[in-house]
Amino acid sequence: MCLLMRGIFINKYKSYKSGMLKTAFFYITFWTILLLSIVFFIPYHLLRLVASKRVVKRFVYIMSSAWARSILFVNGVSYTAYNKENIPEIRSDLVVVSNHQGSFDIPIYMACLPFSVGFIAKYELKKFPIINDWMIALDCIFIKRKRLRESSKKINERIHQKDKNPIFIFPEGTRSKGPKMGAFKPGSLKLLFQAGADVLPVSISGSYKCMELHQNVKSGHVELFYHPVLHSSDYDTDDFDTFNKDLQRIIAKPLPTNS
């Protein structure tokens, strides 16, 4: 019995130690790759001076998706995306909406989407060097959560800026850290609904297993499901609740706990 318990303890310790090493490796590679990306600031700023916005956007997409794929590759995170035919060709007034399971969600979406998106981020991230430069290049929106009116105005203005990248929203507000999807907060969703935006619903399943489940980085496989575009203009102007429920039902459908 003692030998059995000792064996279990040793195996758990080895697993924990391996997880800690992988987590440390994740942060080392994250910052190393990010620091190396500084060299691409020179061509980026040159392109802004001499090239069209379309060329600049393409360059930013190639650089950011390459960074994301590198992060996923070195940490053993893979993914499969289903129903890519649901991604529209015309992306003006498009907003991408997804559930939010774990820390790897953002690099996964940056790697698998065929276009760049601007995430809604905490204002504090604007103070981080290098990260803030790339986030600005991606047309991310920095908001102060305590200043609701100011944040609402920024998001509302951004939805109508057709020369910017589509917005990406995690309406749960935070990571669920598990398979079960949390309730959607109405704030940003109500703004895009009032603006008549088209919504590309996407479900992400299994990303929490790559970090949150074990509280350390683990190799894993993630599944993504693209759904048909949901047109907010198809709903009555006072029927946001139905729109919100439909959106949650669509995104929750392929998740294991909701099937």
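Me: How many cavities of 30 Å³ or more does a search of the whole structure find?

Reply: The search finds one, where a cavity is a set of points on a 1 Å grid over the protein atoms alone at which a 1.4 Å probe fits but cannot get out. This is a predicted model, in which local features need pLDDT of at least 70, side-chain atom pairs count only at pLDDT 80 or more, and totals for chains, interfaces and linings use all residues. Residues are numbered from 1 along each chain as its sequence is written, and side-chain values use heavy atoms, with hydrogens and water left out.

Me: What makes a residue part of the lining of the largest cavity, and which residues are these?

Reply: A lining residue has an atom within 4 Å of a point, and those of the largest cavity are Y61, S64, M110, F115, S116, V117, F119 and L138.

Me: Why is S37 called buried?

Reply: Buried means under 20% relative accessible area, with exposed over 50% and partly exposed in between (1.4 Å probe, protein chains only); S37 has 9% relative accessibility and therefore counts as buried.

Me: How do you know that the side chains of S37 and W134 make a polar contact?

Reply: A polar contact is a pair of N or O atoms within 3.5 Å, of which, within protein, one must be able to donate a hydrogen and the other to accept it, while residues adjacent in sequence count only if both atoms are side-chain atoms. The side chains of S37 and W134 make such a contact at 2.9 Å.

Me: Which residues does S37 touch, not counting those up to four places away in sequence?

Reply: With contact meaning heavy atoms within 4.5 Å, S37 touches I130 and W134.

How values were computed
On a 1 Å grid over the protein atoms alone, a cavity is a set of points where a 1.4 Å probe fits but cannot get out, and a pocket is an open set with protein on both sides within 12 Å along at least five of seven lines; lining residues have an atom within 4 Å of a point. Grid points are joined across faces, edges and corners, and a volume is the space filled by probe spheres set on the points.
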